[in-house]
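Good morning, and thank you for coming. I shall walk through one structure today, beginning with chain A as a whole and then taking its sheets in turn. Please look at the sequence and the model first.

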Amino acid sequence: MKKLYGVIVALLVAAMLIPACAPKAPDCTKADVFCVGMVTDVGKIDDKSFNQSTWEGVKLAESELGAHVQYIETTDAKDYAKNIATFADAGYDVIVTVGFALGEATYAAAATYPKVYFVGVDQFQAWQYDDDATNDRANVAGLVFPEDQAGFLVGALAAQMTKTGKLGGVFGTDVVPPVWRFGEGYRAGALYIDPNIEMFIVYHSDVGFDKTFTDPEWGAATANSMIDKGADVIFGGGGKTGNGAVIAAAQRGVYAIGVDTDQYYTLPEAAPRLLSSALKLLTPGTFDLIKLAKDGAFPSGNYLGKGGYAPYHDLEKEVPAEVKAKMEEINTALLDGSLQTGVSPVKP
Amino acid sequence: MQSSEERFSNPILGLLRAAANALLVPLLAVLTAMIIGGIVIALAKGDPFYAYVGLFQGAFGSPKALSETAVWATPYIFAGLAVALAFKGGLFNIGAEGQLAFGAVMAAWIGYALPGVLGIDLPAIIHIPLAVGLGALTGALWAAIPGFLKAYTGGHEVINTIMMNYIALNLTSFLLNAPMKDPNPDNVIARTPLIAESARMPIIFEGFRLHWGFLLALGVAFLIWLLLWKTTMGYEIRTVGANPDAAKYAGINVKRTIVLTMALSGLLAGLAGAIEVTGLNYRHELGFSIGYGFDAIAIALLGKTHPAGVVLAAILFAAMRNGATRMQFLTQIPVDVISVIQALILLFVAADAIIRYIYRIRAREERVVLTRGWGG
């Protein structure tokens with residue numbers, strides 16, 4: 001018996017030591033090898049949210065541009081810099097970092113590795129707007145989004161789906177420009193369909209920054225009072241506050257609309273009544289920036305991606321064909337610029 | 001067979017033999033866990049050989065890798081010592097996570113706010129020890145509460161420390177989201193402002209993140225060893241841990257010792273948090289330090305609750321966490337594999353009968369008394 005165990009162990013060790021087929025990684029330091037690395041925010045690559053959507057954009061660069069692509073999942077926030085450096089030290093040409101939290105580490109790495117292009121997803125580059133040229137980093141692009149277009153789309157959808165002619169929108173503070181753009185885009189989209197529609201739009205600007213995005217109870221209560229007043233579609237935008245509104249709406253049985261990514265996957269409580277979500281299209285935005293880097297036309301500073309709306313999922317059958325067609329028409333018009341939302345970038 | 005004379009005649013050899021005996025089961029546990037981990041990697045369509053090459057390179061393959069492993073090891077050593085010390089006193093401190101969080105929050109506050117509150121610039125020689133010391137003290141006070149409840153009401157420390165973890169983590173979340181949040185208008189993350197330069201522990205080598213906290217951790221490990229085996233207080237802690245009734249009849253103040261043990265344990269956990277803030281991150285952020293307090297339990301067990309063992313186990317866990325990045329970089333397998341291997345190591349160390357059975361090792365060492373049940 002003792003020998004048998006010894007043999008088994010020896011075999012296992014031997015099996016480990018003989019690589020079945022050694023993956024030969026290309027040498028990214030060579031000029032003709034184009035390598036793209038992605039560092040996730042704390043979380044997994046298949047999070048059905050920001051990490052996954054961004055990775056799909058990186059994968060597009062693999063299939064379309066022949067890039068060699070790899071990812072590193074961050075397990076602890078203190079590893080941001082190390083994970084970025086792992087790619088940079090290996091000679092990667094483009095490094096994509098996902099989420100606002102990696103902004104500082106990405107900006108710092110851009111100075112350390114001036115020959116590497118950095119794509120910061122959802123990382124607003126404030127230096128573009130200050131007068132101090134020493135803050136500028138030519139090799140960083142922050143991928144930001146036209147939230148007003150995404151809001152416009154779901155607003156148009158809501159206006160076509162309402163039976164009461166009353167819509168609700170629950171948002172975080174309007175002092176934060178993206179939130180303002182989501183909310184006013186929503187208003188503009190609904191009015192575009194029906195100028196007489198009644199809208200309840202509330203921003204949680206009555207509290208401080210600390211509370212405005214983390215108040216699901218307020219979000220739920222506000223959504224409920226709108227439903228009591230007859231609203232039958234609720235758009236929630238603004239972190240946990242908005243999520244509270246979306247979940248409350250779904251529980252009351254009215255249509256709910258999510259924000260940022262397809263919340264059908266991230267808010268299962270609301271999924272059965274989730275009409276759509278106002279999307280930041282991370283996949284094409286990420287791909288575009290990688291392609292621009294490869295073509296030598298990398299835009300430093302803030303790069304505006306595209307907005308969109310999520311599939312109807314469980315409510316597919318409830319949405320009439322003409323509404324679906326109208327939505328595609330509006331989407332196309334927004335993308336080619338023939339339709340403008342008319343929303344100012346920040347609250348005037 | 002060896003006579004006791006022989007052992008005494010060559011103390012170094014004796015020490016080595018004792019060390020080898022103590023290390024045998026943990027080392028075999030690590031080996032076995034890595035073999036099974038290799039199978040898991042192969043099932044995940046990865047190449048175990050490259051994965052382990054990557055793991056090793058990432059952990060020890062360059063000066064930078066070594067520095068990062070030491071950086072990872074630092075909180076693990078402190079937190080592992082915290083849990084190990086409690087074990088020695090017969091207490092199971094599951095609350096290291098919460099104590100660590102409070103230590104970090106306090107250190108961060110001292111770091112960024114105190115100069116403003118006092119209206120003076122603190123020199124580093126005062127500011128750093130103040131941030132670290134008060135952070136540690138916060139952890140100690142927080143841990144003393146379940147210690148007190150255990151000693152004077154019989155409330156079991158396992159339940160109470162778990163409960164207090166929730167309080168600590170949610171309170172931390174509130175503090176970082178509200179009163180202590182970085183007020184920079186661009187910031188949307190639950191984190192404190194950066195601490196003042198004067199509160200930052202210096203790094204050891206230019207260009208590496210390794211800071212003096214690592215050496216402090218090694219020093220503290222030595223101090224804990226001194227405390228446990230060379231002082232009356234340590235003797236009392238160990239006696240209460242081994243048999244509280246005997247301790248009581250021997251005239252030891254059992255209640256006081258229990259509170260003291262928990263407070264010391266919390267002090268170490270608080271140090272883990274305070275050192276992370278002052279030495280590495282320069283702020284406290286909600287995403288930092290998730291799970292160190294729980295990894296610490298595994299580290300204390302793997303280290304057989306001995307300070308030297310804890311240091312080795314902490315370095316092993318740190319190497320795995322640190323090397324995981326390169327492992328994933330080379331093979332694109334999920335970093336969760338590391339958690340699987342760590343869990344297997346823990347399983348084999350806790351249930352060492354499995355290892356003894358597989359490798360035919362006779363049981364000869366005393367069992368470590370970890371904790372007792374209700375009313376113990």
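**Chain A in outline**

Of the 348 residues in chain A, 51% are buried, a residue being buried if 20 or more other C-beta atoms lie within 10 Å of its own, exposed if 12 or fewer, and partly exposed in between, with C-beta atoms placed from the backbone. This is a predicted model, in which local features need pLDDT of at least 70 and side-chain atom pairs count only at pLDDT 80 or more, while totals for chains, interfaces and linings use all residues. Residues are numbered from 1 along each chain as its sequence is written, and chains are lettered from A and ligands numbered from 1 in the order in which they are written.

The C-alpha trace of chain A spans about 75 × 65 × 40 Å along its principal axes. Chain A contains 11 helices and 12 strands; helices (H or I, at least four residues) and strands (E, at least two) are DSSP runs, numbered from the N terminus. Among contacts in chain A between residues at least 6 apart in sequence, 68% join residues at least 24 apart. Here two residues are in contact if their C-beta atoms, placed from the backbone, lie within 7 Å.

An assignment divides chain A into domain 1 (35-144) and domain 2 (147-279 + 308-336); such bounds come from an automatic or database domain assignment. The C-alpha centres of these two domains of chain A are 30 Å apart.

**The parallel sheet**

Let me turn to the sheets. One open sheet of chain A has six strands in the order β2-β1-β3-β4-β5-β11, with parallel pairing. Two strands pair if DSSP finds at least two bridges between them.

The loop between β4 and β5 of chain A holds Asp122(A). Phi of Asp122(A) is near 65 degrees, a positive value in a residue other than glycine. Is Asp122(A) buried or exposed? Asp122(A) is buried, because 25 other C-beta atoms lie within 10 Å.

**The mixed sheet**

The other sheet to consider is an open one of six strands in chain A, in the order β7-β6-β8-β9-β10-β12, with mixed pairing. Its edge strands are β7 (198-203) and β12 (306-309) of chain A, each pairing on one side only. From one strand to the next, the twist averages 15 degrees. Helix α6 (residues 177-193) of chain A packs on this sheet, touching β6 (166-171), β7, β8, β9 and β10 of chain A, and its direction makes about 175 degrees with that of β6(A). Helix α8 (residues 216-228) of chain A packs there as well, touching β6, β7 and β8 of chain A, at about 170 degrees to the direction of β6(A).

Six of the six residues of β9(A) are buried. Three bridges join β9(A) to β8 (residues 233-237) of chain A, in parallel, and Val233(A) has Tyr255(A) as its bridge partner in β9(A). Five bridges join β9(A) to β10 (residues 274-281) of chain A, also parallel. In β10(A), Ser276(A) is the bridge partner of Ile257(A), and Ala278(A) is that of Val259(A).

Note on methods
Axes fitted to C-alpha atoms, helices over the stretch in contact; angles between N-to-C directions.
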